[in-house]
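Please look over the following structure.

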Amino acid sequence: MIPEILQFGDTGFGDELVVGALITVEIAIYSLAIGLALGLAAAGAKLSRSPILRGIAEVYSLLIRGIPELLIILLVYYSGGAAIEALLKLFGHDGGFDFNKRLAGSLALGLIFGAFASEVFRGAFMAVPKGQIEAALAVGMTRRQVFLRIRFPQMMRFALPGLGNLWMVLLKDTSLVSVIALDELMRETSVAAEATQRPFVFYLAATVIYLLLTVVSDIFRARLERHANRGVAGGERLRRPRRPLQRAA
Amino acid sequence: MLDLWIRYGDRLIDGAVITVKLVALACIVGLILAVPLALARRSDRRWIAVPAYLYIYFFRGTPLIVQLALLYYGLAQFEAVRESPFWLVLGDAEYCGLLGLTLNTTAYVAEILRGGIAGVPRGEIEAAEACGMSRVKVYRRIVLPRAFRIAWPAYGNEVILILKGSALVSTITVYDLMGETRSVFSRGYDDTVYLYAAAMYLILALVITGTFRLGERRMNRYLRAAG
């Protein structure tokens, strides 16, 4: 049923593709972590009163928005690597610097994710109803408590759909780190395609795997959104019968 | 840093011209193809709506770089393809890149247009029907022009994404701006060439953004108070 070259083991490339797909997911998760942190920080900067912080965050967004992802990856890997090497030399380290590919790739993708996520977070923060914040202050919460109990959790609920979209984009963008010869799915696929001279079979297989990742993410995203909206009347826009409202633990 | 530009500037500009051509053509053809696709996606007839849905899901659910590789390297595997008239397009990296970009953007623009069509106020359609316009006329005179206006800013974003996506044609050996940049880099490993390329892409992106802002103002000029 499965063509021999796609089987597992020494004769086929099936196992290589699966390992590549796992690395794809791994890179995506690292990038997500970096990107969420950067996105939150940049959103904070955009909403801050300091014009310098706002300026930095706006320039960051503008740069990432206008430069191709592929170029950002190459810039981070080569120019970033060279910069770190120069910096190390300044501190008397003379051994050269070998930029870890997974780190460089995740950093580049995280930078991209963060720029777009900052817009999502900014919008979500502003969408939290003012009345709720006033109510929280009125019951005597401190600014910190208001942030942790009201603003942040509510903001996450508004941000979730946007972040879900960005995750889909990120998952596909991982394929671009193949240009720095990082052995994720796309790279493994092109290596196999070249070795066997059967590119169609392999690129089609890769397409199927990427589609699978997309479908799984779609399902997961829908669940997460439903979960986040469970406490909101009319929030679960679903066909299934509504469960009784759960009491928050 | 400047001598790099003196030596290779012409090549980068040649590359940028190819990039602009690819993006412009992909945008125009993609927009034209997206209209019927968006309408098909909204159709009540399942045999029309389901293929449109699958097309959009496929192109939005897989990376563009894989789509391009499948088109350029994948299809060349078959003798039948290489001997067919399609080879004129599929055998040429630039045409192949254009085809890939166009097919991809069509899917995205169709989704944008679908959102635009859904945003047309119900009352306007009812009014048009009440005036006795046929379904085709309602679409041509009311729904589509309105949908375009609603979708315009999102379409502007999509054009920026095509500009950035067009850099991927360098992976199928097209010498666009990215392709030239990578080839210059591979000669001397001087990474300042990446900075030049980044600046050029940024300029292109700013030009596109500006154009769309102007277009938006012009399109919505009837909304501003007469004065």
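This is a predicted model: local features need pLDDT of at least 70, side-chain atom pairs count only at pLDDT 80 or more; totals for chains, interfaces and linings use all residues.

Residues are numbered from 1 along each chain as its sequence is written, and chains are lettered from A and ligands numbered from 1 in the order in which they are written.

Q: How is α1(A) oriented relative to α4(A)?
A: Helix α1 (residues 14-47) and helix α4 (residues 101-127) of chain A have axes 5 Å apart and pack at an angle of about 40°. Helices here are DSSP runs of H or I with at least four residues, numbered from the N terminus; axes are lines fitted to C-alpha atoms over the stretch in contact, with angles from 0 to 180 degrees between N-to-C directions. Angles under 35 degrees count as roughly parallel, over 145 as roughly antiparallel, 65 to 115 as roughly perpendicular and the rest as oblique. Therefore α1(A) lies to α4(A) in an orientation called oblique.

Q: What is the orientation of α5(A) to α6(A)?
A: The axes of helix α5 (residues 130-138) of chain A and α6(A) come within 10 Å and cross at roughly 165°. The orientation of α5(A) to α6(A) is therefore roughly antiparallel.

Q: Which residues of α5(A) make the contact with α6(A)?
A: Contact requires C-beta atoms, placed from the backbone, within 7 Å. On α6(A), the partners are A:Val146, A:Arg149, A:Ile150, A:Arg151 and A:Gln154. On α5(A), they are A:Gln132, A:Ile133, A:Ala136 and A:Leu137.

Q: Which helix gives the most to the side of chain A that touches chain B?
A: The contact takes 28 residues from chain A and 25 residues from chain B. On the chain A side, α2 (51-66), α3 (69-90), α7 (185-196) and α8 (199-228) each supply at least two residues. With 9 residues, the one that gives the most is α8(A).

Q: Is A:Ala181 buried or exposed?
A: A:Ala181 sits in the loop between α6 (143-173) and α7 of chain A, and has a positive phi of about 60° although it is not a glycine. A residue is buried if 20 or more other C-beta atoms lie within 10 Å of its own, exposed if 12 or fewer, and partly exposed in between. A:Ala181 has 10 C-beta neighbours inside 10 Å, so it counts as exposed.

Q: Is A:Gln197 buried or exposed?
A: A:Gln197 lies in the loop between α7 and α8 of chain A, and its phi is near 60°, a positive value in a residue other than glycine. Because A:Gln197 has 8 C-beta neighbours inside 10 Å, it counts as exposed.

Definitions and conventions:
Two residues are in contact if their C-beta atoms, placed from the backbone, lie within 7 Å.
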